[in-house]
Amino acid sequence: MSGDALPLAARSGPAAPDLASAYRLCARIAAAHGRTYFLATRLLSPDRRPGVHALYAFARVVDDLVDHPTEDPRSPTEQVDELADQLWATLDTGVVPTGHPVHAPVLAATADTVTTYAIDRAHLEVFLDSMRMDIPGAPGYRAVYPTMDALRDYMRGSAAAIGLQVLPILGTVGPVRDAEPAAALLGEAFQLTNFLRDVGEDLDRGRIYLPADCLAAFGVDADHLRSCHRARTVDAPLTRALAHLIALNRDQYRRAAPGIDLLTPRVRPGIRTAAVLYAGILDEIERGGYQIFTRRATVPNRRRIAVAATTFAAARLRR
């Protein structure tokens, strides 16, 4: 074996020493970057948490390659392509390339998770395709989305695919395919909430993830949105557009909710908690007067803890 490769220590989960370290790193990445997500995973059984953390960490690494340029002279597209090639090679050979001190353990944990839970590689491929859509100059690059259908095409990889990746880890009470539509829809609901919360950050990156036709219905276009961002204010037309999109987003959560009952009982409290807390971001946007350019809507810690405790207690009563 060459000196620049790391053996995938076992196929039996995070118990092996190298994998244990890799999974711990993934958990730290999840804790640092996804507070609501990480809290929800704490309600999962301990054996299910590492795989969810690994998938989150992999998505985070890809996102950072796209959005946070480094001193690497290669383009983000080249870096994402290399990471993808390394993942496929790890899955095919059981050997993890160690060219990057952070990527190698994340790749090890991700490959082990994909193998252990027989996760369809297509869900990872479509995720990577959507990430490439965010890179200027890459094939398929898009900075704006004319319709909700066009945005859903992007979210099919950036969000729905994440729900489908996680589903085999969570487990279902019936055929997995029966739970897939709701899992995909819940992933899209989470993503749209992020888009509504992070309009300013996305504009700073030259992107608009709010459908142009939905904005236009209320007299808002891209220039109007950028003007509000520069002035750090939200006027009446934009407020009405945001209220409309929040209503659409809440409907996504409503339609996805029955799918939680298709999951194994032990994981339902964690997923319900995630759904309630993410939807709570919409409440905070409204509570803040839709001022998305001056404050980042977050659910207070006391609310997070209360929701988690209530959801878990309700689940115990139903047993």
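Is Gln 79 buried or exposed? In this predicted model, residues are numbered from 1 along each chain as its sequence is written, local features need pLDDT of at least 70 and side-chain atom pairs count only at pLDDT 80 or more. Totals for chains, interfaces and linings use all residues, while side-chain values use heavy atoms, with hydrogens and water left out.

Gln 79 is buried, its relative accessible area being 9%; buried denotes under 20% relative accessible area, exposed over 50%, and partly exposed the range in between (1.4 Å probe, protein chains only). Gln 79 belongs to helix 4, which spans residues 76-93; helices (H or I, at least four residues) are DSSP runs numbered from the N terminus, as are strands (E, at least two). Apart from neighbours within four places in sequence, the contacts of Gln 79 are Leu 65, Thr 70, Asp 72 and Arg 74, where contact means heavy atoms within 4.5 Å.

The largest nonpolar core contains 100 residues. Such a core is a set of buried Ala, Val, Leu, Ile, Met, Phe, Trp, Tyr and Cys residues joined through side-chain atoms within 4.5 Å. The members that touch the most others are Phe 58, Leu 196, Leu 210, Tyr 253 and Phe 293. For Phe 58, contacts beyond four places in sequence comprise Leu 83, Leu 87, Val 106, Leu 107, Thr 110, Leu 124, Phe 127 and Leu 128. In soluble globular proteins, nonpolar side chains tend to be buried together.

A search of the whole structure identified 19 salt bridges, each defined as a side-chain nitrogen of Lys or Arg within 4 Å of a carboxyl oxygen of Asp or Glu. One of them pairs Arg 60 with Asp 63, with the closest N and O atoms 3.6 Å apart. Both residues lie in helix 3 (residues 49-67), three residues apart, or about one turn of the helix. Asp 63 is partly exposed, at 22% relative accessibility.

A salt bridge also joins Asp 283 to Arg 250, at 2.7 Å from N to O. This pair links distant parts of the chain, 33 residues apart: Asp 283 lies in helix 13 (residues 268-287) and Arg 250 in helix 12 (residues 236-256). Asp 283 is partly exposed, at 31%, and Arg 250 is partly exposed, at 30%.

Within helix 12, Asp 251 and Arg 255 are four residues apart, about one turn of the helix. Their salt bridge brings the closest N and O atoms to 2.9 Å. Asp 251 has 25% relative accessibility and Arg 255 has 41%. Elsewhere, salt bridges with shared partners connect Arg 197, Asp 198, Glu 201 and Arg 296 in one network.
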